[in-house]
Amino acid sequence: MNGYTIQLLVPFASFLSFMMVFLSIPTILRVAHSKNLFDEPNKRSVHRMRIPTLGGLAIFIGFLFTYSLFVDWFKFIEIPFLIPALLIIFGIGIKDDILVTAPMVKLGGQLIAVIIVVGLGGLQITDFHGFFGLQPDLFWGTILTIVGMVFIINGFNLIDGIDGLAAITGIISMLSFSVWYFINEDYHIPTLAAALVGGLLAFAYYNIFSKRQKIFMGDTGSLVLGFLVAVVAVEFSEFNRPDEQYKLIHTMNSAPAVAMAILIVPIIDTLRVFMLRVSQGNSPFMADKNHIHHRMLALGFSHLQISLIIGAINIAFVILGFSLRNWGMLRLSILILSLGFAVAYIPSIALYYKRRHFIRRLRNMKKKK
């Protein structure tokens, strides 16, 4: 089968996944309603209605069927042990959505899944792309990969706090990675991404726009999404290793920094809330309402507006990363992180001045009385 035929069938993989998720969610909703499987509103929730949380089940089924079918069909080189590790991620996610799982149990499951693809599957960072002239040995490369992947998984789990944000961020991330593989005529990752993006688009319809059939992706969806994005991010870094660039049509010198630009939303939001919690003497894993999307909600933006604004900023960082892909690993990393934190604190600054303005008006009203 020639390359042109495979190129045409990549969007077909996305369509197949889309249809599977789109058609399965109404059935999942009926089961959720009959078994009373809802996300109950609480003091940390941004919604006021009981909403089913099993959207991740549909995303998982759509991805697993489509990806497995196309990997076998087109003889792609499958990422070793991806499916067994993904099943573990799915298991801890679905248990948390139905019965609630202790945070440390969830973390333990994530570590087991990541260790499977890293330790058994050989998926790990082997090159720092010129960062301070350092090169990781087998031990530190393995540790760095495990920590980085777990960080990304939890980053997506944490940004899944409003309608559409995790799905839109996941779509942008996977499409951004895929474009680079596609123009280098490597179609495995674009096919994997298509199988996920199609399902996310179908889910987004119910999550964002549907009133009667609204559903959340839950931990199942956010953990599966974060895991797959983390896998692709590591693959992306290794795909662009300096000693492998002679095989590529298009090259870059700062692949990990470009990956950082693509994943800027979960990276910056997670770092920001962790640092804020620790500075306040709290556990970095303690849930709160200090995320960027919470700040924007307090400013009066709707869920869709926030997701679209953050998505647009994400795209801007992607363009910046690819435009400066040969700028140097250290310089580009510093630029991406500095700009990321600067943008992330804009809602907090705006909220501070909004509250100060409100207090000033309140004082003036009291003086008039």
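The model is predicted: local features need pLDDT of at least 70, side-chain atom pairs count only at pLDDT 80 or more, and totals for chains, interfaces and linings use all residues. Residues are numbered from 1 along each chain as its sequence is written, and side-chain values use heavy atoms, with hydrogens and water left out.

Most residues other than glycine have a negative phi. Val100 has a positive phi of about 75° and is not a glycine. Glu185 is another residue other than glycine with a positive phi, near 60°. Helices here are DSSP runs (H or I, at least four residues), numbered from the N terminus. Exposed means over 50% relative accessible area, buried under 20%, and partly exposed in between (1.4 Å probe, protein chains only).

**Cavity and pocket**

Rolling a probe the size of a water molecule over the atoms shows where empty space is left. The search uses a 1 Å grid over the protein atoms alone. A cavity is a set of points where a 1.4 Å probe fits but cannot get out. A pocket is an open set with protein on both sides within 12 Å along at least five of seven lines. Lining residues have an atom within 4 Å of a point. Grid points are joined across faces, edges and corners, and a volume is the space filled by probe spheres set on the points.

The count comes to 1 cavity of 30 Å³ or more. The largest cavity holds about 40 Å³ of space. Its lining includes Asp160, Ile162, Phe203 and Met217. Helices α6 and α7 each supply at least two lining residues. The most come from α6, with 3 residues. By class, this lining has 7 nonpolar, 2 polar and 1 charged residues. Here Ala, Val, Leu, Ile, Met, Phe, Trp, Tyr, Cys and Pro count as nonpolar, Asp, Glu, Lys and Arg as charged, and the others, Gly among them, as polar.

The second largest pocket has a volume of about 700 Å³. Its lining has 23 residues, of which Ile125, Leu144, Gly148, Pro256 and Met260 lie nearest its centre. The elements that give two or more residues to this lining are α5 (138-159), α8 (218-239), α9 (255-262), α10 (264-279) and α13. The largest share, 7 residues, comes from α5. The pocket lining has 18 nonpolar, 4 polar and 1 charged residues.

**Helix α13**

Helix α13 has 16 residues (329-344). Its expected span (1.5 Å times one less than its number of residues) is 22 Å, and its end C-alpha atoms are 22 Å apart, which agrees. The buried residues of α13 are Met329, Leu332, Ser333, Ile336, Gly340 and Ala344. Seen down the helix axis, they fall within an arc of 100°, so they line one face of α13. That arc is taken from the directions from the axis to the C-beta atoms.

**Two buried residues**

His188 sits in helix α7. It counts as buried because its relative accessibility is 8%. What does the side chain of His188 make a polar contact with? The partner is the side chain of Tyr67, at 2.8 Å. A polar contact is a pair of N or O atoms within 3.5 Å; within protein, one must be able to donate a hydrogen and the other to accept it, and residues adjacent in sequence count only if both atoms are side-chain atoms.

Val273 lies in helix α10. Val273 is buried, with a relative accessible area of 1%. Val273 and His291 are 18 residues apart in sequence and 6.3 Å apart in space, C-alpha to C-alpha.
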